[in-house]
Amino acid sequence: MSTRRTVAALISAAAVAVAGLTAAAGAAQAAPGCKVDYAITNQWSPGFGANVNITNLGDPVSSWKVEWTFGAGQTVTQLWNGSVSSSGSKVTVTNASWNGSLGTNASTSFGFNGTWSGSNPVPTSFSLNGTTCSGVVTTPTNTPTPTQTPTPTVTPTVTPTPTPTPTPTPTPTTASSFYVDTKTQAYAAWQSATGTNKDLLAKIALNPASYWVGNWADASHAQAEVADYTSRAQAAGKTGIITVYAIPGRDCGSYSGGGVSTSEYARWIDTIASGIKGNPYIILEPDALAMLGDCSGQGDRVGFLQYAAKSLTLAGGRVYIDAGHSAWLSVDTAVNRLNQVGFQYAVGFALNTSNYQTTEASKSYGQQISQRLGGKKFVIDTSRNGNGSNGEWCNPRGRALGERSTVVNDGSGLDALLWVKLPGESDGTCNGGPSAGAWYNDIALELARNAKW
């Protein structure tokens with residue numbers, strides 16, 4: 001959890017070491033002025049995550065540099081949406097290539113993971129482009145999470161600023177409310193089939209499954225796709241499922257390689273977010289965290305994911321950050337990488353996207369991660385896991401459709417079973433398959449034939 005406080009220069013350091021507090025600088029005394037909100041979003045031993053929001057109260061700037069000094073030996077270990085350098089306890093953060101311009105009263109943000117030992121007091125002074133941000137300091141009461149060590153609260157004799165309204169979390173849908181898309185390749189194949197094949201393909205065509213958005217060449221076209229799909233779902237009184245798949249360096253150049261350029265990703269996300277109608281479930285960037293650092297061209301991947309989670313959530317989406325599957329990352333690694341992105345906006349995480357791990361194995365894995373993340377919710381892709389995995393990922397034979405899409409409310413942390421991958425669409429030109437995403441009728445029939453329902 002986090003609470004908020006306003007940070008100013010020229011005020012003596014208030015040694016407050018409670019995770020979840022926010023420091024913010026008030027109106028500057030002279031242009032260019034600034035306001036900074038510093039929020040500890042989560043804390044674990046020996047690390048913590050924080051988000052910093054900058055508001056320019058002075059003249060427009062084309063680039064920015066934010067500086068502060070840690071008071072208890074904390075360090076920044078990883079930062080997104082900017083570049084960081086340190087000299088002793090002094091931290092300097094400069095803008096990324098795409099977020100440097102700030103008009104008057106415009107805001108941007110960056111986040112980071114850091115380390116702490118003993119105490120983690122909030123910095124009390126920030127500057128923007130060399131100008132000190134000034135205002136008042138408040139110290140709200142905070143209830144520590146189980147991983148935090150309670151410390152005394154220091155209450156300055158100043159007037160508190162109002163606590164901001166938290167970002168709303170979209171309400172989970174009901175089990176029968178997911179939308180069946182009639183514009184899929186599976187639906188077309190079912191309509192044209194006859195006899196036994198038609199009955200088998202109906203299992204795929206008539207189950208709600210995700211709509212994948214990855215048209216990186218034309219953001220406006222991707223926006224139109226999202227608007228069309230979510231509008232149809234809304235008109236039907238149903239909830240859509242969307243998979244956003246355009247991260248820079250996508251799939252490390254393999255069968256599904258591509259993605260948006262690093263300089264365009266934030267703009268692309270904002271464009272497709274503007275097309276969202278209603279409150280669809282959103283699976284954010286399959287394999288992106290699991291492949292973190294595996295190849296060049298990824299840019300500030302953690303920052304991209306954090307930005308996307310915020311933009312898509314504020315547009316109405318119920319966002320789950322993809323975290324690979326139970327046979328890929330260890331629980332420790334998955335927790336660490338999810339903590340890097342954080343859950344200020346995302347509801348939880350997604351598992352087994354486009355893979356074949358059993359629901360039982362995925363649920364056990366997800367519960368271990370969820371417990372380490374304070375009970376965050378998760379969803380499992382069950383589209384092709386009915387027979388589990390044979391160790392292959394690309395068009396393996398002998399697999400089966402898994403449980404149909406449904407909401408789960410069993411107290412385990414599992415939010416839903418979803419068909420994220422579209423059964424019958426090829427993984428790539430392997431095991432006799434066509435190009436990635438093309439319809440593969442033989443394997444579609446096999447998946448349906450082997451289903452246990």
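**Exercise 1. Locate Thr382 in the chain, decide whether Thr382 is buried or exposed, and list what Thr382 touches.**

Step 1: Thr382 lies in the loop between strand S16 (377–381) and strand S17 (406–407), where helices (H or I, at least four residues) and strands (E, at least two) are DSSP runs numbered from the N terminus. The structure is a predicted model, in which local features need pLDDT of at least 70, side-chain atom pairs count only at pLDDT 80 or more, and totals for chains, interfaces and linings use all residues. Residues are numbered from 1 along each chain as its sequence is written, and side-chain values use heavy atoms, with hydrogens and water left out.

Step 2: Buried means under 20% relative accessible area, exposed over 50%, and partly exposed in between, with a 1.4 Å probe and protein chains only. Thr382 counts as buried because its relative accessible area is 0%.

Step 3: With contact taken as heavy atoms within 4.5 Å, and leaving aside residues up to four places away in sequence, Thr382 touches Thr359, Leu401, Gly402, Glu403, Leu417, Leu418 and Trp419.

**Exercise 2. Work out how strand S14 is covered and which strands S14 pairs with.**

Step 1: Two strands pair if DSSP finds at least two bridges between them. Strand S13 (residues 281–284) runs parallel to S14 and is joined to it by 4 bridges, with Ile282 having Val319 as its bridge partner in S14. From S13 the chain passes through H5 to S14 in a right-handed β-α-β crossover, a term that applies if, with the strands pointing away from the viewer, the path from the first strand over the helix to the second runs clockwise.

Step 2: Strand S15 (residues 348–351) also pairs with S14 in the parallel sense, over 3 bridges, and Ala350 in S15 is the bridge partner of Asp322. S14, helix H6 (residues 331–341) and S15 form a right-handed β-α-β unit.

**Exercise 3. Identify the buried residues of H6 and the residue that follows H6.**

Step 1: H6 is mostly covered, since 8 of its 11 residues are buried, among them Val331, Ala334, Arg337 and Asn339.

Step 2: Gly342 follows H6 and has a positive phi, near 85°.
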